[in-house]
Amino acid sequence: MQVLTPLFHVLVFPGFIFLVVFGLFASWVDRKLIAKFQNRVGPPLLQPFADFIKLLSKEDIVPEHSDRPMFAITPLIALAGVIASIVYIPTWSAHALHAFEVDLIVVMYLLTLPAFALFLGGWYSTNPFATLGSTRVLTQLIGYEVPFLLACLAPALAAGSWSISDVAIAQHDGLWLITAAPLSFIVALIALIGKLERVPFDIPQAKTEIVTGPEVEYSGRRLAVWKLTFLTEAIVGGALISALFLGGPHFWGIPYESMGPWLSGFVGMIVLSLKILAIVFFLALAQAALARIRIEQMVQWCLLWLGIPALLNLGLVVFITHL
Amino acid sequence: MARLSFPVGPQHPALKEPENLRFSVDGELVVEADIRIGYVHRSIERTCSERNYVQDLYLCERVCGICSNAHTLCYCMAVEQIAEVEIPERAQYIRMLMHEFERIHSHLLWLGVAGHEIGFDTLFMYVWRDREVMQDILETVSGSRGHYGMTILGGVRYDITPEMEEKIREGIEYLRERTEYYAKIATTETTFIKRTENVGGITGPLALDLGAVGPVLRASGVDYDVRRRFPYLKYDQVEFEVRMSEMADVLGRTLVRVHEIIDACNICEQVLDMMSEGEIQTRFPRRVPEGEAVARIEAQRGELIYYVRSDGTDVPERLKIRTPTLANLPAAQEMLVGGYVADIPITFASIDPCFSCTDRMVVLDDVSTSETTTMTWSELLELSRDR
């Protein structure tokens, strides 16, 4: 049992299998919502699963002039980074699987890995569309990553700890940190759109301009891994924002203390899933309501309208906590 | 960063038809643009001079899938001019109706595509849903949704019954309401404006010099509409405004087209009010007397010109089509240079390109060696097998 429990956590819950299944389910919710917004019917429940399985069975082509090892390994690094970060994020109770004092920074770092991996994968596939998309990935990174980090620091400073679990525990008295950092919450949500490369920030992929950019040469299994990376990143990013701003699994009136460990874990997971789905709803709404903007507009807008509010809110939190 | 050679097409999600655009880009800026046409050449002009006038009618309709009626209208006008056939008044009104119906459906189609090009798929879905209303009207009137076959030599094929008229009025009312809503979106939605304002600009005089036509020219502030300058059918009897914009960018072209939809709705209502009972066809001779004629109309993409020369038989000696896209290509090239890579699809789409109409074949003989490069059919076959 000593060996099996960590293995279960990594492979099944809250690790790989949970993330994949919930990620695919959330992508169905997302697609269905967008379809409803656009006056369409939308896909059936199992469509994302079918798409994923079909993609796995397709032929996997590596371009002749690409750097084969880099081309092959980058999607795996991206996916590994995302899945590893769930270890430090509270999923069924306010305590994450593992926690230490600066795990917030570690998670930030791990969630940046997909962007860098995407850049490298695109760059080494030596396609003009991929090259252009790769440079856009890095340019866009500056736009969203700085405000995202600033926004996530605000609740950490308010709770007095740089550990995500401690921040989640601090919200258990009933006051979510969104009350202390409302601007940071909005900034984090919008920056998450940039992280996930969705409309209006799907600039690096931009289907009608550069034909999905860095992913253009990927096919079959490796493309499936890329798709999976962004699906799971949506879940992990949503879980992170929920833990920092929305109290993680906490909800008023749910007596976690009086429940057994299994029941409280189950209820906590359901509550967190609903919060993540609420964030997915926001993402879908943004996708349906907005057009894709240009890369230089994006960086300018993000640094101005996300960076400054995030800084303001951070300053406010620092001011109040040191009062 | 070194300059990157960046191809768009022949296969690219932004292009609905195969055509090749080659760009030289410096980072995100377009330094050079080169438009290469010729991928969907179908030799329609040549084929036309091997078939009789009635067969050519069907061939011309198939020059384009979107402006099919404009092509038959222009063809019939040219041939009727040579044959000196006057078509009945009611037929002229019905031709006008079809012409404006097609403008509405084509501009709506364009608006949806424009939304898609800038990643605004919700606009695409909404506009194309509403476009179905116009498609239903076209189907009610003509029996089909793409190639209507309404315009024939000497008149129109089907009459418009009172029941149809009721349906048309209802549909037009709905479309006008929706189009006003889209005009509001185009002028208020921030991301839409960010992607279209000051994008793909071209000044009025330059657009004129490069021979641009239609909404592209009008959006640069040039007052040129064939319906007003050289009225055909009954356009001198209806009231409409030549829509122009001083913005000279993609947003201007969008607004010109959106307002033209509203105008087309108004024209349709006026025509329905003015229509009098009567014949819809007149007898057209099998042989067309010797002569030549040029017809020009304001198709939805711009000025469409047909030249027909007859040698007195039932087959035209020469038929020449000048489509609006061909006229707009030099202007498009000018718009693309100096813009962003991200703006290539929407800028190019803003001329509402239709390639299969445009493609022509040019055979250049080498002057220095005086060798001709003309090929026979069997040589061409052999070449394609070798490749």
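This is a predicted model: local features need pLDDT of at least 70, side-chain atom pairs count only at pLDDT 80 or more; totals for chains, interfaces and linings use all residues.

Colleague: What does the secondary structure of chain A come to?

Modeller: Chain A has twelve helices and zero strands, where helices (H or I, at least four residues) and strands (E, at least two) are DSSP runs numbered from the N terminus.

Colleague: And what radius of gyration does chain A have?

Modeller: The value for chain A is 20 Å, which agrees with the figure near 20 Å for a compact globule of 323 residues; the radius is taken over C-alpha atoms, and the globule rule is 2.2 Å times the number of residues to the power 0.38. Along the principal axes, the C-alpha atoms of chain A fill a box of roughly 60 × 50 × 40 Å.

Colleague: How much of chain A counts as buried?

Modeller: Of its 323 residues, 50% count as buried, and the term has cut-offs: a residue is buried if 20 or more other C-beta atoms lie within 10 Å of its own, exposed if 12 or fewer, and partly exposed in between, with C-beta atoms placed from the backbone.

Colleague: Now chain B, please: how many helices and strands are there?

Modeller: Chain B comes to 15 helices and eight strands. Its radius of gyration is 22 Å, close to the 21 Å that the globule rule gives for 387 residues, so chain B is as compact as a globular protein of that length. Buried residues make up 48% of the 387 residues in chain B, and its C-alpha atoms fill a box of roughly 70 × 60 × 40 Å along the principal axes.

Colleague: Which residues have the most contacts inside the largest nonpolar core?

Modeller: They are A:Ile89, A:Ala151, A:Ile164, A:Ala188, A:Ala191 and A:Leu244, in a core of 181 residues. A nonpolar core here is a set of buried Ala, Val, Leu, Ile, Met, Phe, Trp, Tyr and Cys residues joined through C-beta atoms within 7 Å. Helix H10 (residues 220-245) of chain A gives the most to this core, with 15 residues. A second, separate core of 30 residues includes B:Ile37, B:Leu153, B:Val288 and B:Ile297.

Colleague: What does A:Ala188 touch?

Modeller: Leaving aside residues up to four places away in sequence, A:Ala188 touches A:Phe148, A:Ala151, A:Cys152 and A:Ile241, with contact meaning that the C-beta atoms of two residues, placed from the backbone, lie within 7 Å.

Colleague: How do helices H6 and H8 of chain A cross?

Modeller: The axes of H6 (residues 128-159) and H8 (residues 182-196) of chain A come within 8 Å and cross at roughly 145°; axes are lines fitted to C-alpha atoms, for helices over the stretch in contact, and angles run from 0 to 180 degrees between N-to-C directions. Among the residues that make the contact are A:Phe148 and A:Ala151 of H6(A), together with A:Ala188 and A:Ala191 of H8(A).

Colleague: Switching topic, where is A:Pro200?

Modeller: A:Pro200 lies in the loop between H8 and helix H9 (207-210) of chain A, and the peptide bond from A:Val199 to A:Pro200 is cis, with omega near 5°.

Colleague: And B:Ser43, is that buried or exposed?

Modeller: B:Ser43 counts as exposed, with 10 C-beta neighbours inside 10 Å. B:Ser43 sits in the loop between strand E3 (29-36) and helix H1 (44-48) of chain B, and has a positive phi of about 60° although it is not a glycine.

Colleague: Last one: how many residues of chain B are in contact with chain A?

Modeller: There, 27 residues of chain B are in contact with 24 residues of chain A. On the chain B side, H5(B) gives the most, with five residues. By class, that side has 15 nonpolar, six polar and six charged residues, where Ala, Val, Leu, Ile, Met, Phe, Trp, Tyr, Cys and Pro count as nonpolar, Asp, Glu, Lys and Arg as charged, and the others, Gly among them, as polar.

Terms used: Residues are numbered from 1 along each chain as its sequence is written. Chains are lettered from A and ligands numbered from 1 in the order in which they are written.
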